[in-house]
Amino acid sequence: MARGLLRIYLGAAPGVGKTVAMLGEAHRRVERGTDVVVGICETHGRAYTAAQIEGLETVPLKEIEYRGTSFPELDLDAVLARAPQVALIDELAHTNVPGSRNAKRWEDMNELLDAGIDVISTVNIQHLESLNDVVESITGVKQRETVPDDVVRAADQIELVDMTPEALRRRMAHGHIYPAGNVDAALSNYFRPGNLSALRELALLWLADRVDEALERYRQDQGISAPWPTRERIVVALNGRPEGETLLRRAAQIASRGAGGELLATHIAQSDGLVGSDPTSIAAQRKLAAELGGTFHSVSGDDVAQAILDFARGVNATQIVLGVSRRGRLQSLLAPGVGEAVVAGSGDIDVHLVTHDYARKGLNKAPRNAVGMKRAAVGWVTATAGPALLTLLLVATRQHHDLPLDMLAFLALTVGCALVGGLLPALFCALASSLALNYYFTPPIHTFTIEDPQNAAALIVFLLVAASVASAVHLSARREAQAVAAQRESRILLQLAQSLLGAEDQLPTLLDQARDTFSMRAAAIVRRDSVHAPWTILASSGPFDLNDVRGASVRAPLDDMTELVLSGPVIGADERRLVSAFATHASAILSREALAREAHAATSLAKDNRTRTALLAAVSHDLRTPLAGIKAAVSSLRQSDITWSPTDEADMLESIEESADRLNAMVGNLLDMSRLQTGTVSTHVQELHLQDVVAASVAALGDQGIRVRAWFPEDLPLFRADAGLLDRVLANLLENALKHSPGRQEVVIGGSGTRSRIQIRVVDRGMGVPDALKDQIFAPFQRFGDAPRGEGVGLGLAVARGLTEAMDGTLTAEDTPGGGLTMVIDLPLASALP
Amino acid sequence: MTFVLVVDDEPSIVRTLTINLRARDFEVESAGDGRSALQIVEERPPDVVVLDLGLPDMDGVDVLRQIRATSVVPVIVLSARQDSDDKVEALDAGADDYVTKPFGMDEFLARVRAAARRKETTAEAIPSVQTPDFVLDFANYRATRDE
């Protein structure tokens, strides 16, 4: 069932005339003869609007009880049952009373569209989800009833109903919008000229973007489509706190400016599990992202700024949207917030810092250490406990060693601390160690003074060495981690490339590898035909079902309608790059498969063309041969220089007639064949006697008729067939039998009956046909046996079978006992029940 | 009288051609398939051969080639195939003329007459060799020894 068409009248403010426009369109369509029905139409007590409904068929509203009051709502089932061509649904953003089937009226509308009913609807600009914040800031009123953007975007036609602010105010003043008594201060506030102008601009701009989108799509269809990377791709970084909603809406607005922008929301989950976000607000933001037409990704990473940048680079983002930092000004001085770090590292990606209500109001936790809390904790423990323990140990064994060994022991401890806990604990350890050395081991012991200046220098050098070793170790540990990660990445890519080169089923292999690499539960490539269509699985690995698509941890798009989906644990931002590599590979495989299919189709098309050309040559030969006979005889008779003897003349005239008959039969067969193939054979079934049928066929054979003998019982019952078609079938079968019977051999027509069917047999005693070919002889354009290659078309048997089957019968070939071929026509008896 | 061999599997065409040729004082024999045609060519060499390409037992071009292996008799090819590729193939295989079906009788007879003229020229081109012991008659492919 094709989805219904949706036309939406978009207005900038209440009272511009959307409902009246909708009703006007309905009247026009009714005049053109379309079946239009009013599903629900809100008149808001306006007399003019109510008058416009006159003359249109209305589906009565359903009264729904809620909390003691009865509310009239759209009766969706009644409209579906009525099944009109077009239904009018007013006020798309309306929330249905609890107790209705769907929560929102636009969901009702979707059901109507799915049922193939066209819908005309209205909506105001302030109801659009993505514009919610802007409208609130303009009007001061929070819009509770909203419609997701893609519902309106998916409309086939959006018509703007526009009115100047002055005209609108005049209307309101005259009480045309709301009854004069209801126009109170708050309402007048809403209708201030500034408000109305701003709303009008919003509506015009939004619609202009849609027009631009459609134009861009048109250009892409007609010309070379723009490559993937040039589209605007906007990454919104969410931390799970409430301001995320504002960020999402703002990012959606940026994405919708200029055609084809794409929105990716990413939530950076920190691996140590300490959460500043709560799961419900993340879920709400995920839902909002989907409503705004974007995708939601969860990414794990300890360094938030770095994770955001890695993700953005991994998806080739063009812009990043972040919230302005919550941290107070003092905190920002001490250490850079995420925003500043992202800006610093963004390179050629634009960064938008969006302000929100919570900016600079709350204290944020300090940015995490690159090392991780656990390791840092262990490091600090080592840094504090280590020197203490070591001091105790060395003091206890004082006799056995001197200052140099002590220093080296503490140095070793500091290095160990650097390896374990990172830079800061190691530095603390160095400081603690030097103090311990000073107090306990440098003469004079148990004081902080140092006698020997050399020892003092040694201590200072110790401190410096410890500090630099600590930072060197720390740095090298980090570098090593990076190198290992890079090596792992390149190893995975190499494996991927190698496995794909050889594999037979490349997509499943790729998905298996993706599962292994990222430790996913399941992986799949999914595709859908349009934004509203359901997903279909192209290939999958592991226990994957379509419900996983919405909540999958990784979704990498291959093109407009296809995505690589991985479901399982959340992956780190740096692994996102690898996912892109897999996605690119997958899209290469898909396009290669598509090309192979096209090539195959092209070769079979070429083969068909060759067959068709050969056929045409064969048909033309078969038609030309009798024509040649006619022309030769006619041109002979017309020669003026010869007088023909009567016998010669008779001979030639006979040739002409024979050839004409042959031509007629040939043309008849061709026409029958084409009629059979297009299914336009009409049968006129009568009740027939076999004797009459056979007598007619034999008579039609003329001279050859004496070679045909009829042999069947006289009391055969009447059977059901079309006389004309049966005549042709018998003519073809007899011609075939006579051709294959050597010399003047006889051809027998036999008949026999069962309880419900009759069998008519045409028996020849020629060469017969081997079992393997018994079905092939009925194929059109085949002549089995003595045909020279490429010569002639064998249509007779194919037509015979086709016509028999059109009469509800069957035609089969059997062996004649003693050699030869028997054709059996099986038809229903007149007495049998149809 | 010029002896014409007509080879075609369509009886009505054979009949018409035979009537016409006989009415113009040609001697006519007919064959319905390639094998019998080759047999006749061997037993009694014709002056002109009219050969249809669509024969039931072997391809007309093969018949043509076999004739050409042993004889220079003019051959007129008859065929419903009208592609120039087919014409080229037949002419290159040794046909002297190609007539497409359907054809007018006047044209056909004119071409037969032309082919017969060619036969005479060829025949006269090679004089017979006469020696005291034997005579070589190239036109009729006969070697006679005086006995």
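Modeller: Helices (H or I, at least four residues) and strands (E, at least two) are DSSP runs, numbered from the N terminus. By that definition, chain A has 24 helices and 25 strands. The model is predicted: local features need pLDDT of at least 70, side-chain atom pairs count only at pLDDT 80 or more, and totals for chains, interfaces and linings use all residues. Residues are numbered from 1 along each chain as its sequence is written, while chains are lettered from A and ligands numbered from 1 in the order in which they are written.

Biologist: What mean pLDDT does chain B have, and what ipTM does the predictor give the complex?

Modeller: The pLDDT is the predictor's confidence in each residue, from 0 to 100. For chain B its mean is 85, and 92% of the residues of that chain reach 70 or more. For the complex, the predictor gives an ipTM of 0.78 and a pTM of 0.42.

Biologist: How many residues of chain B are in contact with chain A?

Modeller: Two residues are in contact if their C-beta atoms, placed from the backbone, lie within 7 Å. On this criterion, 21 residues of chain B touch 22 residues of chain A. Helix H1 (11-23) and helix H5 (105-125) of chain B are the elements that give two or more residues to chain B's side. H1(B) supplies the largest share, 8 residues. By type, the residues on the side of chain B divide into 10 nonpolar, 5 polar and 6 charged. Here Ala, Val, Leu, Ile, Met, Phe, Trp, Tyr, Cys and Pro count as nonpolar, Asp, Glu, Lys and Arg as charged, and the others, Gly among them, as polar.

Biologist: In what order do the strands of the open sheet in chain B stand?

Modeller: Strands of a sheet pair through backbone hydrogen bonds, either parallel or antiparallel. The criterion used here is that two strands pair if DSSP finds at least two bridges between them. In chain B, 5 strands form an open sheet in the order E2-E1-E3-E4-E5, with parallel pairing. Strand E2 (27-31) and strand E5 (97-100) of chain B stand at the edges with a single partner strand each, so one side of each has no neighbour in the sheet. On average, neighbouring strands of this sheet are turned by 20° against each other, direction ignored. E1(B) and strand E3 (residues 48-52) of chain B run parallel and are joined by 4 bridges; B:Leu5 stands opposite B:Val49 in E3(B).

Biologist: Across which strands does helix H3 of chain B lie?

Modeller: Axes are lines fitted to C-alpha atoms, for helices over the stretch in contact, and angles run from 0 to 180 degrees between N-to-C directions. Helix H3 (residues 60-70) of chain B lies across E3 and strand E4 (75-79) of chain B, at about 155° to E3(B).

Biologist: Which pairing does the sheet E20-E22-E23-E25-E24 of chain A have?

Modeller: That open sheet of 5 strands in chain A has mixed pairing. Its edge strands are strand E20 (708-711) and strand E24 (810-815) of chain A, each pairing on one side only. Within the sheet, E20(A) runs parallel to strand E22 (residues 747-753) of chain A, joined by 4 bridges. Helix H22 (residues 690-701) of chain A lies across E20, E22 and strand E23 (757-763) of chain A, running at about 175° to E20(A).

Biologist: How many residues of strand E12 in chain A are buried?

Modeller: A residue is buried if 20 or more other C-beta atoms lie within 10 Å of its own, exposed if 12 or fewer, and partly exposed in between, with C-beta atoms placed from the backbone. Of the 834 residues of chain A, 35% count as buried. Strand E12 (residues 319-323) of chain A is mostly covered, with 4 of its 5 residues buried. E12(A) pairs in the parallel sense with strand E9 (residues 233-238) of chain A over 3 bridges, and likewise with strand E13 (residues 350-354) of chain A over 5 bridges.

Biologist: Which residues of helix H14 in chain A are buried?

Modeller: In helix H14 (residues 338-345) of chain A they are A:Val338, A:Gly339 and A:Val342. These residues lie on the same side of H14(A), because they cover an arc of only 100° around the axis; the arc is that of the directions from the helix axis to the C-beta atoms. The buried residues of H14(A) pack against helix H12 (304-314), E12 and E13 of chain A.
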